[in-house]
Amino acid sequence: MVFYELFVRSFYDSNNDGIGDLKGITMKLDYLKELGVEGIWLLPIMQSAAFHGYTIIDFYNVNPSYGIIEDFKELIQEAHKRDIKVVLDVPINHTSVKCEWFQRAIEGDEKYKDYYVWANEKTDLTEKRHWDDSLIWFKYKDKYFYGLFGSSSPDLNFENKELWNEIKNVFKFWLNLGVDGFRLDAAKHIFDYDIENMKFKYQHDRNIEFWKEMISYIKNINPNALIISEIWDSPEVVKKYHGLFDVEFNFPFSYFIKDTIRYHDPRILVQGIEETLNHYITGKVESISGNFFTNHDMERLMTTFDENEDMAKIAFNILMTLPGYPFVFYGDEIGMRGKIIDVNYTEDSQEPMQWYESGFGPGQTEWKGCKFNPPYSFISVEEQEKNNNSLLNHVKKLISFRKDYKWIENSIISNLSNDRFTVSYILKTKDNEIKVYHNIKPQKTKVMKEKYKSYKIYGQGIIKDDYIELDGYSSVILEK
Ligand code: ACG
């Protein structure tokens, strides 16, 4: 299944207030359908005051800037008519300080006080977040709360079992509206504070216990609900969760793909497949690898590649010819740019989707000015639809290939190898087989036809008698 990560605020504006909305997505479902998308992962749509939506005020309502529940129901219906699944992002590790639960807790309501984690005499108020030295204890009125993701987002206290039921209700609410699954935000953070010793500490076993219960609850309501997890960590940590979720975002592999191309080094992809992707497809792990380049927390692909479109094209060739589910971050299909200096400030990789050459037109979102994606720079759907060689048309062709060869999703990789220019491998299921070559370098190379009789080239190449002359940043798919 090919997924599209969609930021509502930046996508399409149906009511001319400059902010993307749910009706806007419904209006653009045909764009997504034509692109070949089979599922959309919506970044948080619940009521929130933050631009990104990850600090929730009300878990049972949509963000008023994005519309009303009826708009969401319509979106789901229309998406389903087009065979597009809708997966919702659910950030339940924390709430907004404006959430009624937190406000009641601050007022001293016993029930809600226990929904959060408060400082006591053992607390070191200067304790820092381990990956970037941000503070994690914040004062609100006269109390200090634990907030791993900043001063507006107090962590929920999952020591409290009552809260587990509350969260189940949240899942039920959205399942009843027809969503096809969830992206579980910050899945490794549910238990990341050791209350006894008042110290930050991941408790992976307890996270697993929590998610097991939630997943079984969700699957009881809808056995087909798709559960996608976000665990951004090293392969050693990610491994602990293998098999728990239907789809796991493969963060380690995202770096391998980008580094392969950035450093023009085919060995990196071989290593990445062996050390991360292959774990999912040798029968050891029940989860599917969610393959992607970047997401809303990261620098955009074209920026990583210094705006070299050919490098983006070969990256998509790789993404669409590997087992697992490919995820495309909105705007990457037209090569949008965006840099992140600080993970606490991610607006720059989430600029308005560029529909028009001039930067203006119906539905164009304008909630922020574009620093990275100026008009008349060929970064727009309008310009790229007209040009056969554009990144957009390249991505469309690849997704269309991917859908014709859907079996790749569950295939096994064999004969993985590399030479100075290329990475090659065979993808196989019981009834199917193709061989793939990716030329990672800018220069031409030769690929032997061997026993294969049909050749699909993504990029440029010339078919000769015994071999294919494959241009730089191009791939060939060989079939018997
Ligand atoms: C999710 C969302 C994000 C959101 C939140 C909070 C969580 O996607 O948009 O923030 O609701 C950590 C968390 C992730 C979190 C990101 C932003 N993402 O684990 O759940 O922060 C290291 C750490 C990771 C860390 C990452 C961030 O280990 O835990 O992610 O750094 O840079 C190698 C290492 C790996 C290392 C990476 C990167 O791969 O193996 O361990 O990861 O390198 O160095 C949103 C907003 C925020 C706001 C918040 C409330 O975006 O601004 O504060 O909401």
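**Pockets, cavities and a ligand: a chat**

Modeller: In this predicted model, the structure holds four cavities of 30 Å³ or more.

Biologist: What makes a space a cavity and not a pocket?

Modeller: A 1.4 Å probe fits in a cavity but cannot get out, whereas a pocket is an open set of points. The largest cavity has about 70 Å³ of space.

Biologist: How do you know which residues line the largest cavity?

Modeller: A lining residue has an atom within 4 Å of a point. For the largest cavity, the lining includes Val-117, Tyr-146, Asp-155, Phe-191 and Ile-195. By class, that lining divides into eight nonpolar, one polar and three charged residues.

Biologist: Why is Tyr counted as nonpolar and Asp as charged?

Modeller: Those are simply the classes used here: Tyr is listed with the nonpolar residues, and Asp with the charged ones. Both kinds occur in the lining of the largest cavity, with Tyr-146 and Asp-155 among them.

Biologist: And what is the volume of the second largest cavity?

Modeller: The volume of the second largest cavity is about 60 Å³. Among the residues lining it are Pro-235, Lys-239, His-242, Glu-275 and Tyr-280. Two elements each give two or more residues to this lining: helix H9 (235–240) and helix H11 (266–280). H11 gives the most, with four residues. The classes here are four nonpolar, four polar and two charged.

Biologist: Now to the ligand. How do you know that the ligand sits in the largest pocket?

Modeller: A molecule sits in a pocket if more than half of its atoms lie within 2 Å of the pocket's grid points. The space taken by the ligand is the largest pocket. That pocket has a volume of about 780 Å³. Its lining has 32 residues, and Arg-129, Phe-149, Asp-297, Val-343 and Asn-344 lie nearest its centre. Sorted by class, the lining of the largest pocket has 13 nonpolar, 13 polar and six charged residues.

Biologist: Which residues come nearest to the ligand?

Modeller: There are 22 residues around the ligand, and Asp-185, Lys-188, His-189, Glu-230 and Asp-297 come nearest. This shell has seven nonpolar, nine polar and six charged residues.

Biologist: How much of the ligand does the protein bury?

Modeller: Taken alone, the ligand exposes 930 Å², and the protein buries 82% of that.

Technical notes:
Residues are numbered from 1 along each chain as its sequence is written. This is a predicted model: local features need pLDDT of at least 70, side-chain atom pairs count only at pLDDT 80 or more; totals for chains, interfaces and linings use all residues. Side-chain values use heavy atoms; hydrogens and water are left out. On a 1 Å grid over the protein atoms alone, a cavity is a set of points where a 1.4 Å probe fits but cannot get out, and a pocket is an open set with protein on both sides within 12 Å along at least five of seven lines; lining residues have an atom within 4 Å of a point. Grid points are joined across faces, edges and corners, and a volume is the space filled by probe spheres set on the points. A residue is near a molecule or strand if one of its heavy atoms lies within 4 Å of it. Accessible areas come from the Shrake-Rupley method with a 1.4 Å probe; for residues, only the protein chains shown count as cover.
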